[in-house]
Amino acid sequence: MAQKIRLMVVDDSILFRNWLIQSLGADPRFEVVGYAINAIDAKNKLPLLKPDIMTMDIEMPGMSGMDFLKEVLPSHPVPVILVSSLNVRVFDALAAGAIDFVRKPGMDTENGKEAFLSMLKTKLSVGANARVRLPSQAAPATAAQLLSSPAARMAKAPLSAMAGVDLIAIGASTGGTEAILEVVRQFPAKMPGIVITQHMPAGFTSMYAERLNRLCKLEVKEACHGDKVRPGLVLLAPGGLQMRVVRMGAGYSVSCTDEAKVSGHKPSVDVLFTSVAANVKNRAIGVILTGMGADGAAGMLRMRKAGAFTVGQDRETCVVYGMPMEAYKIGAVCQQSALSSIPQVVMAQMMKAR
C-alpha cells in the first residue's frame with residue numbers, strides 16, 4: 001500500500017479548518033498530521049510535524065501567510081498550496097514560494113464544495129513531490145550582461161527579424177505563474193503576438209494579467225473574444241473559458257467561448273495549441289512550462305507536426321515536471337531547456353526563421 005501523504009492544514013477559521021481536516025482526513029491518500037490556527041502557530045509546529053505538504057490561507061491575523069512563506073520556507077522548503085478567496089496577494093505568495101492555489105468555495109453550495117475538494121486533492125497528491133522554488137537570491141545583472149542579453153539583442157534587431165514567426169503560444173499549470181513571468185519579462189517590447197493559457201479560475205486571470213503588465217515590457221491583458229493578435233501584445237486566456245487562435249483576414253484573433261473542459265481544464269492548453277497548429281502552422285513557436293498532468297502535450301505534438309518550433313521546460317527547473325514531460329515523451333518537443341534559457345531559445349529561433 002502506498003505511503004500516505006502527510007498533510008498540515010493552516011486556517012484561522014475554525015469552521016472551514018474543521019471541515020477541511022474532516023474532508024481530507026476521510027481520503028485514504030492523506031494523513032492529516034496536524035493543523036495550525038494561524039501562521040505563527042504553523043511556524044512553531046512545522047519542524048515538529050514534518051508534513052509533506054501544507055494548505056494555507058493568506059489573510060490571517062498576526063503573521064500573514066505571506067510573511068510565513070518569506071520567513072519560514074527558506075529553512076523549511078515544504079510545498080504549500082494556498083487556499084484563498086479572490087485576492088491579488090495570491091500572486092505575491094506564489095512569488096514567495098507557494099506552489100499553487102485553489103479558490104476557497106462558498107460553504108453554502110454542495111457543488112462548489114465538491115469541485116473545490118476534488119481540485120485540492122489532485123493538487124495535494126501531485127504537489128507533495130513538487131520542487132519548491134524560492135525567490136532567486138542571484139546578484140543583479142551587470143550593465144555588460146544586460147547589453148548582451150537576448151532581449152537587448154532582439155530590441156536592436158530590425159523588424160524583419162520577426163518575419164518568419166507570427167505568434168508565440170505558451171501553456172503552463174502548477175508553478176506556471178512565476179515561470180511565465182520569468183520568460184515574458186525577458187522579452188523586449190518588440191515581439192510577435194503572444195497567447196498564453198495558464199490553468200487558473202475566473203477572476204484570478206484578470207489580476208494575473210495586470211501583474212504581468214506591470215512587470216513586463218510587453219503589454220499584457222486578459223483576452224476578450226475577438227481581440228486581435230498583434231506584435232507587442234500578450235493575450236492571457238480568461239479563467240472559465242476556452243481560448244483559440246483563429247484566422248482574421250491576413251492576421252489572427254482569439255475566440256474565447258464558454259464550453260466543456262478539455263483535458264480536464266477550462267482554459268485548456270490543448271485547445272490553444274491545437275488551434276495554433278491548425279491556423280498558424282510553421283509560423284508559430286510553442287512553449288510548454290511546468291505543470292501537473294498532460295494538458296498541452298497532444299496539442300504541442302500537432303504544432304510540431306504542422307512545422308512549428310516547440311520548447312519544453314526541463315525537469316530540473318520545473319515545480320512539477322508533468323506537462324513538459326508528457327509532451328517530451330510523445331515527441332512533441334523540439335528542444336528542452338532550463339526555464340532561464342527559454343527566452344534565449346525562443347529569440348534565437350526567431351532570428352533563424354527569417
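In helix H1 of this predicted model, the buried residues are Phe16, Arg17, Trp19, Leu20, Ser23 and Leu24. Because these residues cover an arc of only 165° around the axis, they lie on the same side of H1. The face turned away from that buried side carries Ile14, Leu15 and Gln22, which are exposed. The helix itself comprises twelve residues, 14–25, and from its first C-alpha to its last it reaches 16 Å, close to the 16 Å expected at 1.5 Å a residue.

Seen as a whole, the protein chain has 13 helices and 15 strands, and buried residues account for 54% of its 354 residues. Of the contacts between residues at least 6 apart in sequence, 72% join residues that are at least 24 apart.

The largest nonpolar core has 64 residues, and those with the most contacts inside it are Met54, Phe68, Leu82 and Leu289. Apart from this core lies another, of 30 residues, with Ala169, Leu233, Ala308 and Val333 among them. If residues up to four places away in sequence are not counted, Leu289 touches a set of residues including Ile170, Gly171, Ala172, Ala179, Ile180 and Val183, and also Gln313, Met323, Pro324, Leu339 and Ile342.

Strand S4 (residues 80–84) and strand S5 (residues 100–103) run parallel and are joined by four bridges. Between them the chain crosses from S4 through helix H4 (residues 89–95) to S5, and this β-α-β crossover is right-handed.

A further sheet is open and consists of three strands in the order S9-S12-S11, with antiparallel pairing. Its edge strands are S9 (228–229) and S11 (242–248), each of which pairs on one side only. S9 pairs with strand S12 (residues 251–257) over two bridges, in the antiparallel sense, and within this pairing the bridge partner of Lys228 is Ser253 in S12.

| Strand pair | Sense | Bridges |
|---|---|---|
| S4 (residues 80–84) and S5 (residues 100–103) | parallel | four bridges |
| S9 and S12 (residues 251–257) | antiparallel | two bridges |

Conventions. Residues numbered from 1 in each chain as written. Predicted model: local features only at pLDDT ≥ 70, side-chain atom pairs only at ≥ 80, totals over all residues. Heavy atoms only, no water. Expected span 1.5 Å × (residues − 1). Buried < 20%, exposed > 50% of the residue type's maximum accessible area, 1.4 Å probe, protein only. Arc of directions from axis to C-beta. Core = buried A, V, L, I, M, F, W, Y, C linked by side-chain atoms within 4.5 Å. Contact = heavy atoms within 4.5 Å. Pairing = 2+ DSSP bridges. Right-handed = clockwise from strand over helix to strand, strands pointing away.
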